[in-house]
Amino acid sequence: MNHILPILKEMLSKPKLQRVPEQMVMALEAQTQDFFNFGLGDTALRAAYLFHAKWASRTFANCKRVLDLGTGPANQLSILAQMNPSIEFVGVDLSDKMLELAQNNCAKLGVKNVTFVQDDMTQLSQLKAGEFDGVFSSVALHHLPNELDVEKTFKNARRVLKDRYSVYITDFLLVKNEQSIRYLLSLNETQPAVFKQDYEASLRASFPKRDFQRAASQYLDEAELYTSFGAQFLMVLKTPSYDLSQSAQSLLNSELERLSPATKNIYKSLAILMALRGMF
Ligand SMILES: C[S@@+](CC[C@H](N)C(=O)[O-])C[C@H]1O[C@@H](n2cnc3c(N)ncnc32)[C@H](O)[C@@H]1O
């Protein structure tokens with residue numbers, strides 16, 4: 001496969017794609033559970049979850065209470081909570097079905113340091129000011145209808161955070177052209193249909209980088225925005241990172257050991273793509 005041409009085209013072209021908002025709440029319970037199971041397997045999704053779990057653990061090293069916005073079935077949160085047993089995590093989701101799945105999944109995995117709250121992440125009306133010292137979110141913001149909702153989410157995230165805070169927020173970014181969407185999908189051709197369809201819809205629903213920059217500069221100005229090198233399809237908005245604890249590192253190592261060489265390479269590629277834009 002030729003990687004250079006599509007990446008160069010994405011880097012040099014003007015933005016042409018319009019975002020296509022996704023359905024706000026994942027509706028199909030069975031599909032969601034498939035997605036969760038898929039995220040536990042030897043898959044690209046697992047590689048991404050482990051990558052973000054490592055960096056979020058480093059970011060939340062000094063935190064006691066961390067909120068997860070759009071926690072879904074706790075795919076990402078369950079790994080993060082396992083790697084950080086001394087942190088109390090609270091997952092927020094609009095969907096009661098998602099929260100039921102999240103609760104069951106965490107119980108099955110024996111994850112004890114999580115609780116869940118049903119709330120709209122743009123409002124966080126159930127949560128008090130200054131309740132948390134960390135806010136996390138993974139591939140959830142692109143479910144919001146428009147960029148004003150991103151601003152409202154960041155504004156309320158800041159409200160529930162203490163004065164000194166840590167943030168790790170990641171999501172896809174809208175790429176500039178159709179060819180880049182096809183290129184990114186082609187890298188995941190071997191994945192099951194449930195993942196491919198969701199991935200494509202997510203890529204198309206992503207916000208452009210400027211929407212995150214604007215919202216972050218208003219409300220989360222201690223965080224820095226990192227994007228993937230080349231085709232900027234992934235962003236991480238985060239505050240400074242610290243050393244990974246030994247226990248988190250050994251759990252991560254044992255999870256990485258279970259991956260096939262091909263999936264480990266996806267993990268390594270993500271690390272390289274983000275390191276090339278300064279996240280190391
Ligand atoms: C793709 S899932 C992400 C799940 C998980 N964070 C992960 O990393 O895999 C997006 C989640 O965001 C939730 N969501 C969408 N809009 C929301 C809103 N306004 N407030 C709270 N949750 C929302 C959906 O219900 C869904 O569970």
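Two strands are taken to pair if DSSP finds at least two bridges between them, and helices (H or I, at least four residues) and strands (E, at least two) are DSSP runs numbered from the N terminus. The model is predicted, so that local features need pLDDT of at least 70 and side-chain atom pairs count only at pLDDT 80 or more, while totals for chains, interfaces and linings use all residues. Residues are numbered from 1 along each chain as its sequence is written.

**Exercise 1. Determine the order of the strands in the open sheet and identify which strands stand at its edges.**

Step 1. The open sheet is formed by seven strands in the order S3-S2-S1-S4-S5-S7-S6, with mixed pairing.

Step 2. S3 (114-118) and S6 each have a single partner strand and stand at the edges, so one side of each is left without a neighbour in the sheet.

Step 3. Strand S2 (residues 88-93) pairs with S3 in the parallel sense over five bridges, and Asp 93 has Gln 118 in S3 as its bridge partner.

**Exercise 2. Work out which residues of helix H9 (residues 209-219) are buried, and why they lie on the same side.**

Step 1. Asp 211, Phe 212, Ala 215, Ala 216 and Tyr 219 are the buried residues of H9.

Step 2. Because these residues cover an arc of only 120 degrees around the axis (taken from the directions from the helix axis to the C-beta atoms), they are on the same side of H9.

Step 3. The face turned away from that buried side carries the exposed residues Arg 210, Ser 217 and Gln 218.

Step 4. Counting two residues as in contact if their C-beta atoms, placed from the backbone, lie within 7 Å, the cover over the buried residues of H9 includes helix H6 (147-160), strand S6 (224-227) and strand S7 (234-238).

Conventions. A residue is buried if 20 or more other C-beta atoms lie within 10 Å of its own, exposed if 12 or fewer, and partly exposed in between; C-beta atoms are placed from the backbone.
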